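Good morning, and thank you for joining this meeting. Please look at the sequence and the structure as I put them up.

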Amino acid sequence: MRRRRNDYRNWEELSRQERRRGLAILGVAGAGAVTAVYLIVGGGGTQAEAGAVVPPTIDVRTQLATWYAATGGIRDEIVASVSAVRTDIQASDGTALRPACVQLGQAVDRIAVLGVPPVATASQTWTDGAAAYAQAVTACGNLFDGTALPPPVLLQRTTDALNNADGHWTRLAAQIGAPAQIVPTS
């Protein structure tokens, strides 16, 4: 620190009266801080009345596992639909691809009803995956609605969106500690 006209002194250089005044000021400031914390946080402490009900603990891991299990039906439907779309793209079967895209779109529409996971990171991963599946449905639908882009571009967009969505939901399964869903071999 820069000294200005020797205004700064250490403890030993203070007079007895200055030390007492400093300690009194620190004591009042400390008591004020403790009082403020007490008033803000509350003074209930950890004491409880005899026979009081113990508040329940929130087991987020269990809530997350329960939520994930409840989404199993739609996830199975998405996996089956994605498998059909991928198979039809590989086979260059436009006649079968259109109903497969419609089926995937119907499954994606039901995702919103399931809600989101109770954990923010899992919620973001779930939502990003659902959005990517919706992008795949849009790109796939553009193959049949007269969009001016060439079919190979739209097929690549569909495949890329499916890969992106699968990646998000695979990460979600890893975050939850559940096995990743595997595309059924048919």
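Predicted model: local features only at pLDDT ≥ 70, side-chain atom pairs only at ≥ 80, totals over all residues.

Residues are numbered from 1 along each chain as its sequence is written, and side-chain values use heavy atoms, with hydrogens and water left out.

The largest nonpolar core has 30 residues. Such a core is a set of buried Ala, Val, Leu, Ile, Met, Phe, Trp, Tyr and Cys residues joined through side-chain atoms within 4.5 Å; buried means under 20% relative accessible area, exposed over 50%, and partly exposed in between, with a 1.4 Å probe and protein chains only. Ile78, Val85, Ile111 and Tyr133 have the most contacts inside this core. Contact means heavy atoms within 4.5 Å. Leaving aside residues up to four places away in sequence, isoleucine 78 touches several residues, including Leu104, Tyr133 and Trp169.

Next, the disulfide, defined as a pair of cysteine sulfur atoms within 2.5 Å. Which cysteine is joined to cysteine 101? The partner is cysteine 140, at an S to S distance of 1.4 Å. The torsion about their S-S bond is about 45°, so the disulfide is right-handed. Cysteine 101 and cysteine 140 are both buried.

Finally, the surface. Tryptophan 11 has a relative accessible area of 41%, so this residue is partly exposed.
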